[in-house]
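Hi,

Here is the model I said I would pass on.

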Amino acid sequence: MEILQVKNLSFRYPEAQTKALKNINFSVSEGDFCLLCGESGCGKSTLLELLKRELQPFGERQGEVLYQGISTDKLPADKSASDIGFVLQNPDAQIVTDKVWHELAFSLENLGYEQSIIHRRVAEMASYFGIESWFRQSTATLSGGQKQLLNLVSIMALNPRVLLLDEPTAQLDPIAASDFLSTLRKLNRDFGITVILAEHRLEEVLPNSDKVLIMDKGQLIYNNYPKNIADFFSRNPDHPMLFAMPSSMRIFTALNSLGECPLTVRDGRKFITENFANNTDALPATSYTPSKDKAVELKDICFRYEKNSPDVLRALSLCAYKGEHLCILGGNGTGKTTLLNIVAGLRKPYHGKVLIQNKNIKDYKSGSLYKDTLAMMPQNPEILFTENSLEEDLQACCKTMNLTKEDSSAKIKEIAEKLGIDKLLHMHPCDLSGGELQKAALAKLLLRSPQVLLLDEPTKGIDSHGKKNLIRILKTLTEKGITVITVTHDVEFAAESATRCALVFDAEVVSVDTPKNFFSQNSFYTTATSRMTRGFYKNAVLPEDAVALCRLNSKGGEQK
């Protein structure tokens with residue numbers, strides 16, 4: 001039975017030159033787990049918001065959205081609010097109260113439920129989802145993973161029949177993301193809740209989906225089963241979404257293999273071990289020697305947010321050298337963003353020393369640190385924008401640098417084209433998708449030509465093609481001697497782009513190594529390719545590593 005139907009749906013934002021959605025048609029059966037994917041700005045978020053009446057953006061809409069055969073515009077307010085739940089990308093954006101227990105009760109109170117029912121529902125939800133231990137905590141003290149789980153539990157208290165989720169794992173570390181996705185699958189399997197999930201992390205999601213929708217420039221170009229997706233890319237081998245697919249599928253496709261395409265790590269490992277030898281089990285070793293010039297140095301840093309609270313960072317020491325890209329990984333709440341804020345001078349440690357370009361950060365007076373030395377992109381980049389259009393914002397940035405109007409226009413045009421946002425300059429920053437906003441924020445930072453660039457989750461909301469472009473840009477910057485320090489949960493991005501990776505755990509940096517050594521020796525903070533090839537090939541971290549080794553172990557790179 002179809003629970004949702006979308007018929008000839010088109011949408012245009014106010015003053016936009018093109019439509020964000022163009023004649024979308026699809027249906028979702030009750031109990032389906034549906035994956036929605038596509039490049040940043042392709043219309044995923046807009047489509048999801050149009051499925052949830054209360055979140056519909058302002059603009060020109062044509063077509064229909066039907067829930068159980070009834071237009072969502074005609075649903076009673078309480079049914080619309082309770083039957084169709086929505087989880088946003090940013091965990092903090094959805095929490096409205098100061099206590100966990102109150103957050104669970106908030107929506108029920110607003111719908112006028114009796115207190116006895118509210119108490120029973122809240123208790124049931126807290127018990128089922130295992131959040132009793134932090135039931136009475138302040139919401140401000142929760143980790144990113146806990147906040148996102150709280151958002152989900154709060155929605156589940158209303159007993160929804162449909163869950164819409166817009167990249168809910170974007171700000172979660174790999175383990176927290178895996179836990180969250182497992183919870184979604186459990187809800188779908190055990191209660192028959194229909195799930196429509198927009199997501200860029202496809203390694204875990206795609207194999208467990210009933211249906212996959214791929215969008216491209218506002219159009220729906222694929223609406224089929226996961227097992228058939230390899231056929232789609234065999235007909236469209238140059239489509240950028242191929243790079244977003246699970247590593248097992250990318251390896252299978254690159255080797256021009258025949259038969260059923262593997263979608264999971266288990267099936268990918270089976271495909272490799274059954275079809276290729278391991279006579280040559282490792283690629284030639286590569287080494288990295290950092291510059292002798294230190295760009296950023298942290299010495300015995302200790303930091304806590306309150307006088308009597310535990311240390312967030314404890315005797316932490318770390319060095320980033322000129323012209324390198326250092327990626328910092330670790331679980332939610334381990335202090336990665338705090339570390340970045342200390343480097344940026346936004347937080348002051350109570351012990352230790354911070355050196356930027358061999359100069360004590362305390363000696364940078366009157367904002368001189370931010371003039372041409374250091375720039376930082378925060379985890380929520382929307383706070384960087386103040387004007388009514390992206391172009392006006394970038395021009396205002398150039399004005400603070402005393403550039404002429406001609407120089408400003410030329411520099412904005414160059415950077416916008418490099419980042420692929422030249423067609424977005426007329427838009428209001430609030431109308432950009434998550435991935436577009438990330439690229440716009442990076443453009444604003446690059447205008448300032450910093451020598452040290454700090455990035456907090458720069459790939460959040462960015463599609464695989466955008467990541468490839470970002471990696472190229474960062475490589476160009478480091479080749480010019482610019483130092484990049486990135487906090488990220490995206491292990492694939494770190495494995496492909498970093499010169500070194502550092503792991504933060506228990507308030508300290510416990511490991512710093514090259515990506516090959518770092519990820520090949522990790523079990524959880526590692527790539528799907530590493531898990532797939534472990535014990536069969538050595539140091540295969542990226543799909544191209546596995547492909548190269550498979551070709552070395554077969555005649556002409558073909559299956560045995």
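A term to start with: "buried" stands for under 20% relative accessible area, "exposed" for over 50%, and "partly exposed" for what falls in between, using a 1.4 Å probe and protein chains only. Helices (H or I, at least four residues) and strands (E, at least two) are DSSP runs, numbered from the N terminus.

Some housekeeping before the findings. This is a predicted model, so local features need pLDDT of at least 70 and side-chain atom pairs count only at pLDDT 80 or more, while totals for chains, interfaces and linings use all residues. Residues are numbered from 1 along each chain as its sequence is written, and side-chain values use heavy atoms, with hydrogens and water left out.

**Helix H9**

How many of the 8 residues of helix H9 are buried? In H9 (residues 247–254) the number is 6, so the helix is largely enclosed by the rest of the structure. Those buried residues are Ser247, Ser248, Met249, Arg250, Ile251 and Phe252. Their cover includes helices H7 (202–205), H8 (229–235), H10 (265–275), H17 (491–497), H19 (528–533) and H20 (543–552). Just past the end of H9, Asn256 has a positive phi of about 55°.

(Axes are lines fitted to C-alpha atoms, for helices over the stretch in contact, and angles run from 0 to 180 degrees between N-to-C directions. On the H9 side the contact (heavy atoms within 4.5 Å) is made by Ser247, Arg250, Ile251 and Ala254, and on the H20 side by Pro543, Glu544, Ala546, Val547 and Arg551. By class, the residues of this contact are 5 nonpolar, 1 polar and 3 charged. Here Ala, Val, Leu, Ile, Met, Phe, Trp, Tyr, Cys and Pro count as nonpolar, Asp, Glu, Lys and Arg as charged, and the others, Gly among them, as polar.

**Helices H3 and H4**

Another pair to look at is H3 (residues 100–110) with H4 (residues 115–128), whose axes come within 10 Å and cross at roughly 135°. That makes H3 oblique to H4, and their crossing is right-handed. Trp101, Leu104, Ala105, Leu108 and Glu109 of H3 meet Ile118, Arg121, Val122 and Ala126 of H4. The H3 and H4 contact has 7 nonpolar, no polar and 2 charged residues.

**The sheets**

There is an open sheet of 6 strands in the order E6-E7-E8-E3-E9-E10, with mixed pairing; two strands pair if DSSP finds at least two bridges between them. Its edge strands are E6 (84–87) and E10 (219–224), each pairing on one side only. Neighbouring strands in this sheet are turned by 15° against each other on average, direction ignored. E6 and E7 (residues 162–166) run parallel and are joined by 4 bridges, with Leu163 in E7 as the bridge partner of Gly85. Helix H6 (residues 174–191) lies across E3 (33–38), E7 and E8 (194–198), at about 160° to E7.

An open sheet of 4 strands, ordered E2-E1-E4-E5, has antiparallel pairing. E2 (21–29) and E5 (70–71) are at its edges with a single partner strand each, so one side of each has no neighbour in the sheet. E1 (residues 2–12) and E4 (residues 60–67) pair over 7 bridges, and Ser10 has Gln62 in E4 as its bridge partner.

**A few single residues**

Most residues other than glycine have a negative phi. Asp300, in strand E11 (residues 294–303), has a positive phi near 50° and is partly exposed at 40% relative accessible area. Glu457 has a positive phi of about 55° and sits in the loop between E17 and helix H16 (464–479). Is Glu457 buried or exposed? Glu457 is buried, at 3% relative accessibility.

Lastly, Ser449 is in the loop between helix H15 (434–446) and strand E17 (452–456). Ser449 is partly exposed at 37% and touches Asp372 and Lys411, leaving aside residues up to four places away in sequence.

Cheers

Conventions
Parallel < 35°, antiparallel > 145°, perpendicular 65-115°, else oblique. Left-handed = near helix turned anticlockwise from the far one by under 90°.
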